[in-house]
Each structure stands twice: as C-alpha cells, then as structure tokens.
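Hi,

Here is the structure I promised to pass on to you. Please have a look at it first, and then read my notes below.

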Amino acid sequence: MGFARTCSVALVGVEGVVVEVQADLEPGVAAFALVGLPDKSLVESRDRVRAAIVNSEAEWPQKKLTVGLSPASVPKSGSGFDLAVACAVLGAAERIDPSAIADLVLIGELGLDGRARPVRGVLPAVLAAAEAGYRQVVVPEQTAGEAALVPGVSVLGVRSLRQLIALLCDEPVPQEEPDEEGRPDAMLAGLLLPGAGVGTGLAGGGSPGEGHPPDLAEVVGQHAARAALEVAAAGAHHLLLQGPPGAGKTMLAERLPGLLPPLTRRESLEVTAVHSVAGILPPGEPLVRAAPYCAPHHSATTQSLVGGGQGLPRPGAVSLAHRGVLFLDEAPEFSTKVLDALRQPLESGYVVVARSAGVVRLPARFLMALAANPCPCGRHTLLGTGCECPPAVIRRYQARLSGPLLDRVDLRVEVEPVSRSDLLGHRGHEGRGESSAAVAARIQEARARAAARLDGTPWSVNSEVPGHELRIRWQVAPGALAAAERDMERGLLTARGMDRVLRVAWTVADLRGHDRPAAEDVQLSLQLRTGIARGVPTVGGVRL
C-alpha cells in the first residue's frame, strides 16, 4: 500500500482555504476515485491527470487509487488542483519522494500532454497558503510573477509536469520547447474569464478608442462640477452628476480615476486578488497599481453588479471597482432593485452574498459616481427646448433613484449645458482648465493631511470615519454647524446626512489647508450635498 499527501488551495470568493490532497494506493482492480466535494471540472481532473502522467514518461499505477481532498466540507471547484493530484499520485506510487511534497503547495492545471497551464486566482491562493504557514509554492510559469507578489514565499514556476518531477527527484531538468514567436499563447486562456475581455475594469487606458488617459483639461467649463470632482477624489465621497445630455457628465466621471492617488501596496494586492479571481488581470502585469474604473451597462443584473453566478458567487462590478471608481451612467435606467442592492456595500465596504453552495464575503469599497438626466428626454431643465414629458413621467423617472440611495451620496451637482463662449471662445492652451496632474497634486496633499490626522485609526480617508467620531473626537469650529443644524430641523438633512456633511466639510478643510472645518467649509459641503446655493463660490479648485 502506498500513501502520499500534498497541498493546494480552494478559493471561496476571493479568500483561499488550504486543502490537503491525499492519495492512497491499495491492491485491487485498477480504479480512480476522487472524493472531497469536487465540482464537475474537478472530477474531470481524473482523466487530465492520468493522461498528463503517462505523457510525462511516468508510469500510471495499476491499482485501486483513491484521492481525497480535505477538508471535505469545503466546496472545491476549478482545475487548479491538477498539479497537486498528479504529485500525490506519483508520491503514492513512489515515483517521487512523498516527504518532498508533504509541505508543498501546488496550484495549476495540467494539459493532456503534461504541460502546466495557468489558472485564475493565484494571488489570493498564495496569500492563503502564506497565512497558513506554507513557504514553498509551485505554479505554472505564466503566473509565477503574480505568486511572487506575496512576501516570504518561495515560488517555483514550471512549464510541465516532467520538469516538476525532475526537480523533485534531483534529475536533469528537461527543456520544454517554447512557443513560436508571434504565435498566440493558448496557455493564457486559463487566466481570462470568457466574455470579460482583457483589462476590463482597469484604469489607466482611457476610454475605448483613446490612445491616452483622459485629462481634466479637456473638459470645457463646468467649474462647479470640477470642484465637486476634486472633493470627491480627495475624500472618496460618492457623487451624483445631474444635467441634460451632452453637458459633460460622462467626460467628468471618466476623468475621476486619474485624480485618485496611486494604490498602496496593500490596496494593490487587494485589487489584484479580486481581478485575478474574476479573470480580468492582464497577462504580464501581475500587480494593479492604478485605481480601477468599472462602468457597467444600465442593463446589468443584480448578480453582475454585486456578485453571483452558479455555485459559489463570483465578484461583481462593485468588487471590480474596489479601491477605485464605479460609474453608473444613465443611473435612472438601471433597475430599481439593482440600484438598491448598492445600499449595503456603500455603507460597509463589502458584499456578503449567500447562496445554497455557501456564503461569500467580497470586498467592495469603491467611490460611486452616478450620472442622470432630469427626465426621459433630457430637456426638462432647459429653456425653450420643448420638453414634452408629462409631470408624472418626470416624477417617476427621478424617483428611480430612491431616497435611501441618494442619502448615501455625499455630493450632488447640477451640470449645466456648456455655453458657446466656453466652448468656442477660448482657443489654445490659454483657455484650458487645470489638468488632472495639477488637481491630483492638491488631492495628494489633502489626503496626506487626512492620513496624518487619522494615523493610528482603522480609517484612511474622511468618508470612512464614523459620524460619532467626527462629533466627539474631531470637532468643527464653534458655530460652524449652524446652517447644517437649521437644515436638519427643517427636515432637509437626516442624521446620516449630517454625518456625511461633516465628512465632506473635513475634506474641504483639508483641501483648503484648515486645521478644522470653519463655517464656510460646512456651508460649501451643504451646497454640494443639497444643491441649494449658499453664497459660497466653488470655482477654481473649491476656491482654495
């Protein structure tokens, strides 16, 4: 009787669970049984592993073979267990030393010819292995760079099972023939989710068809909206842009990711882990350093937005926008149920999706930007344009953005149509507004002030600070809340709305370099939230 064990990782959402792969050989009729709650693709690994071992010039054991995946109560899916199953079988057959693979974590799919094929979710799998105390990981060569992002782990990238057997047995390592130059690499197909495309949800490439990242200097006029964009990026505040078609709402939202600071190392690992599981991590770029940008179509379902799918849920748009921007263009055209599903992640920063196969918690701390027309035809607020929408239709259209959802939006800005003088009166660089780089520099300084104030706390930006902390620990200047208190007494502000006004006021104070919010900072935050003019100018970088 032969026995061997090794390890792999099962992914539950974007979190990994280390799985012990055990192989047992007993005398009897040759058979191969795979137990431990595998799904269909994992059950098929019996045929892949058998063919891979035979084609790697190793002998398949002609005995009763049982492979167990422990813990058996954890659902296991995907083809990433192939390498671990093959090594466990070869260890039980004494082709390789069982002790050499006992503390080894193997992640990867096997082709019928024995080549190691990459799989999605390598980064979170290696992170889980490192947290469990494992220090040696074997992955396909294409994902070795992604696995190497985890500190303290020795990563071995292999091209085939033959190479791995030779390395474990101290034999000469065979040289696998590289693919022809210029030929598409079919091995990379395992890294991409079908239909997702390469780079979906990643910032930095600009809009489709553009050869450069969008720049704020390209936006003509819209001083109030530009100021709101700056405040939103500085404090990670949610934003609603309302206005007629063609006013520039989408242009403004597309330039929001360029104002956000680069991701920290920890944030980069979080975002990369989500994108790796989702199958949208570009090959050759294992680490996401820029804030992601995700703009789903208004026909998106609840599952595609918050996460779902058959079996264990997969990340949705809110998770793909983690630490970045989620832009909902034509927001009233989204289903009301889809929009209301955003209320929980907007508050908590994560999504808990419960299915019959299990419960998954997915990260979802994003900056939400909404764009909406005033009515179905979009001409309701324009003079002399002939809006024919009945009042009841306008009310129903605007009511699609529910009160509880809007209460979680910190900034609401009316985007007015661009005037002829703004569009055609200024030509050349002299008439352009500030560039994204200039605004981003101010935002960096404001975030640095907030980070210094919040040092030693669980929060890093103003939008994350609970309201009671702002009222007790970090108080505004005396008398600064007078206008906000009057609005609350009149029913214009809820308790949540008051907390969000305080958060925006602190962001405005950080942008202006104030030690704490003054009355004019609170008034500007009220103006940005309610849309009611308070006599506070918002032109030119929030009038800093």
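In which helix is Asp499 found? Asp499 sits in helix H21 (residues 495-512); helices here are DSSP runs of H or I with at least four residues, strands are runs of E with at least two, and both are numbered from the N terminus. Before I go on, please note that this is a predicted model, in which local features need pLDDT of at least 70 and side-chain atom pairs count only at pLDDT 80 or more, while totals for chains, interfaces and linings use all residues. Residues are numbered from 1 along each chain as its sequence is written, and side-chain values use heavy atoms, with hydrogens and water left out.

Back to Asp499: its relative accessibility is 16%, so it counts as buried (buried means under 20% relative accessible area, exposed over 50%, and partly exposed in between, with a 1.4 Å probe and protein chains only). Apart from neighbours within four places in sequence, Asp499 is in contact with Gly467, Leu470 and Arg471, where contact means heavy atoms within 4.5 Å.

**The protein overall**

The protein has 23 helices and 16 strands. Of its 544 residues, 50% are buried. Among contacts with a separation of 6 or more, 71% are between residues 24 or more positions apart. The accessible surface comes to about 24,200 Å², and 51% of that belongs to carbon and sulfur atoms; accessible areas come from the Shrake-Rupley method with a 1.4 Å probe, and for residues only the protein chains shown count as cover.

**The five-stranded sheet**

Five strands form an open sheet with parallel pairing, in the order S11-S12-S15-S10-S16. Strand S11 (293-294) and strand S16 (411-414) are at the edges with a single partner strand each, so one side of each has no neighbour in the sheet. Two strands are taken to pair if DSSP finds at least two bridges between them.

Strand S10 (residues 239-242) is joined to S16 by 4 bridges in the parallel sense, and Leu240 stands opposite Arg412 in S16. Helix H8 (residues 223-235) lies across S10, strand S15 (367-372) and S16, and runs at about 165° to S16. For that angle, axes are lines fitted to C-alpha atoms, for helices over the stretch in contact, and angles run from 0 to 180 degrees between N-to-C directions.

Val415 lies in the loop between S16 and helix H17 (420-424), and it is buried, at 1% relative accessibility. Val415 and Gly221 are 194 residues apart in sequence, and their C-alpha atoms are 10.0 Å apart in space.

**Around strand S8**

Strand S8 (residues 136-140) has 4 of its 5 residues buried, so it is largely enclosed by the rest of the structure. S8 pairs with strand S5 (residues 105-106) in the parallel sense over 2 bridges, with Leu106 opposite Val138. S8 also runs parallel to strand S9 (residues 154-158), joined by 5 bridges, and here Val137 stands opposite Val155.

Leu156, Leu167 and Val173 form a nonpolar surface patch with about 200 Å² of accessible area together. Patches are made of residues with over 30% relative accessible area and no salt bridge, with like charges joined within 9 Å and nonpolar side chains (Val, Leu, Ile, Met, Phe, Trp, Tyr) within 5 Å; a salt bridge is a side-chain nitrogen of Lys or Arg within 4 Å of a carboxyl oxygen of Asp or Glu. Leu167 belongs to helix H7 (residues 161-168) and is partly exposed, with a relative accessible area of 37%.

**Backbone details to check**

- The peptide bond from Ser70 to Pro71 is cis, with omega near 5°; Pro71 lies in the loop between strand S4 (64-70) and helix H3 (82-92).
- Glu57, although not a glycine, has a positive phi of about 65°. Glu57 lies in the loop between helix H2 (45-55) and S4 and is exposed, at 66% relative accessible area.
- Glu330 also has a positive phi, near 50°. Glu330 lies in the loop between strand S12 (325-328) and helix H13 (336-340) and is partly exposed, at 28% relative accessibility.

Best wishes
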